[in-house]
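Please open the model in your viewer and keep the selection panel at hand. The stops below are meant to be taken in order.

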Amino acid sequence: MTIKHFAVSAPLLAASLVLSQTALASEQWPDLPVGVKSGIGAQVGSQVYVGLGSAGTDFYMLDLENLQLGWQKKADFAGPGRSGATASVIGESIYVFGGSGKEKASDAAPILFDTVYRYDVSSDTWSQANTQTPVGLLGAASYSPDGEQVVFFGGYNKAYFDTYLHDVMTTDKKAQPQAWQKIVDDYMGMKPLDYKWNRHVISYQPKTGQWSDLGQSPYLPNCGSALVADGGSAMLISGEIKPGLRTAEVKQYQFGAEQPWLSQHALPAPNKSGVQEGVAGAFAGKSNGALIVAGGANFHGAKAAFESGKLFAHNGFGKAFNPEIYVQQNGLWQQANNLPEGLAYGSSFAAGQGVLIAGGEKSDRSASKKVYLLAWDGSSVGIED
């Protein structure tokens with residue numbers, strides 16, 4: 001997910017201001033036509049795009065300077081539908097990488113896609129790029145630091161994940177319960193590094209079609225991180241270090257620097273529990289000089305289980321969709337108020353002085369249509385509906 005800041009008109013700024021600390025204005029921001037979870041989000045100037053994931057091949061656009069037009073249906077995605085892909089913008093093009101899905105509806109199991117697709121904003125057309133990703137990019141985070149290339153962090157290992165999905169979906173759980181459970185236990189019970197997730201910072205230049213290795217991250221590879229870009233710098237927030245287990249780590253990457261990585265303070269523990277499990281699929285962006293991180297999913301209790309030696313750390317814990325909002329100012333975190341409900345795996349965009357969030361997965365596992373503007377006022381995060 002790429003978040004770009006842009007100049008907006010005075011009417012948009014006025015619309016972006018939140019009237020009170022926790023006010024829920026009526027229908028200021030149009031809801032999505034369909035619920036979208038585990039899809040992609042991309043921003044080109046004042047236009048924000050959301051699609052794929054639970055929306056199949058649907059793709060929608062909202063012009064932040066023409067809100068009265070609502071979400072407009074754009075050309076359907078040209079490839080098979082996919083979840084967990086990452087998208088970034090170069091010029092007037094949106095590039096979509098990876099994700100997981102079935103090549104054909106009749107396939108026995110999904111695969112991790114290594115294909116790349118390009119959406120041309122001006123012509124409203126999709127095309128497949130003549131390239132393949134050198135590493136699995138399911139769950140990866142990406143951004144463009146210079147308007148010429150896309151840089152990636154994380155991503156599942158294609159060979160391992162494809163094998164697991166095939167085995168678990170072609171084994172009859174009712175007829176062969178022990179065999180099915182062993183497949184799950186063996187895969188979920190590995191150590192974090194055994195999954196061979198992508199630990200390298202990878203670059204792709206659409207103009208040349210060239211992939212480059214920019215070096216290895218000093219951190220455990222992780223997926224599902226929220227990413228907030230600011231020029232050549234990217235803040236990577238939380239995410240998972242293995243299936244079911246998150247990290248509270250926050251780190252900064254500076255493109256082109258000799259020592260590009262800088263550790264930030266980790267997300268604080270939520271007030272209600274005292275333990276920060278870390279979150280995957282959180283919403284994030286900047287508002288009035290502050291970094292906002294909202295929502296995200298995890299398994300309450302997985303951290304303690306892992307630290308006690310249980311590698312299948314989330315076994316027996318239900319997936320939690322969290323409402324907490326955290327704000328970072330001057331490098332320090334504080335917990336703010338909550339979202340109206342727990343949400344994860346949606347899209348985040350820059351909108352005037354706030355962070356526009358769209359869609360996501362709810363606690364009942366359904367896909368949300370809701371769109372909110374989150375704006376920091378110095379004491380709390382205003383939530384505009």
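This is a predicted model: local features need pLDDT of at least 70, side-chain atom pairs count only at pLDDT 80 or more; totals for chains, interfaces and linings use all residues.

Residues are numbered from 1 along each chain as its sequence is written, and side-chain values use heavy atoms, with hydrogens and water left out.

**The largest pocket**

Rolling a probe the size of a water molecule over the atoms shows where empty space is left. On a 1 Å grid over the protein atoms alone, a pocket is an open set of points with protein on both sides within 12 Å along at least five of seven lines, a cavity is a set of points where a 1.4 Å probe fits but cannot get out, and lining residues have an atom within 4 Å of a point. Grid points are joined across faces, edges and corners, and a volume is the space filled by probe spheres set on the points.

The largest pocket has a volume of about 1,300 Å³. To find its centre, select Ser 38, Gly 84, Leu 138, Lys 319 and Tyr 345, which are the closest to it of the 47 lining residues. Next colour strands S1 (40–44), S5 (86–90), S7 (100–101) and S15 (226–230) together with helices H2 (158–169) and H3 (177–188), the elements that give two or more residues to this lining; helices (H or I, at least four residues) and strands (E, at least two) are DSSP runs, numbered from the N terminus. H2 gives the most, with three residues. By class, the lining of the largest pocket has 22 nonpolar, 18 polar and seven charged residues, where Ala, Val, Leu, Ile, Met, Phe, Trp, Tyr, Cys and Pro count as nonpolar, Asp, Glu, Lys and Arg as charged, and the others, Gly among them, as polar.

**Two cavities**

The structure holds two cavities of 30 Å³ or more. For the largest cavity, with about 130 Å³ of space, select Phe 153, Gly 154, Ser 217, Asn 222 and Trp 261, which lie nearest its centre among 19 lining residues. The second largest cavity has a volume of about 30 Å³, and its lining includes Leu 32, Val 36, Ser 38, Tyr 345 and Ala 358.

Is Val 96 buried or exposed? At 1% relative accessibility Val 96 counts as buried, a term that means under 20% relative accessible area (1.4 Å probe, protein chains only). Val 96 lies in strand S6 (residues 93–97), and its contacts (heavy atoms within 4.5 Å) include Ile 40, Phe 77, Tyr 117 and Trp 126.

Move on to Ser 88 in strand S5, which is buried at 0% relative accessibility and whose side chain makes a polar contact with the side chain of Ser 142 (2.8 Å). A polar contact is a pair of N or O atoms within 3.5 Å; within protein, one must be able to donate a hydrogen and the other to accept it, and residues adjacent in sequence count only if both atoms are side-chain atoms.

Ser 233, in strand S16 (residues 233–237), is buried with a relative accessible area of 9%, and its side chain makes a polar contact with that of Gln 252 (2.8 Å).

**The hairpin**

Finally, select strands S25 (residues 324–329) and S26 (residues 332–338), which run antiparallel and are joined by five bridges; two strands pair if DSSP finds at least two bridges between them. Gln 329 has Leu 332 in S26 as its bridge partner. Two residues lie between the strands of this hairpin, where Asn 330 takes a positive phi near 55°.

Key
Buried means under 20% relative accessible area, exposed over 50%, partly exposed in between (1.4 Å probe, protein chains only). Lists of a residue's contacts leave out its neighbours within four places in sequence.
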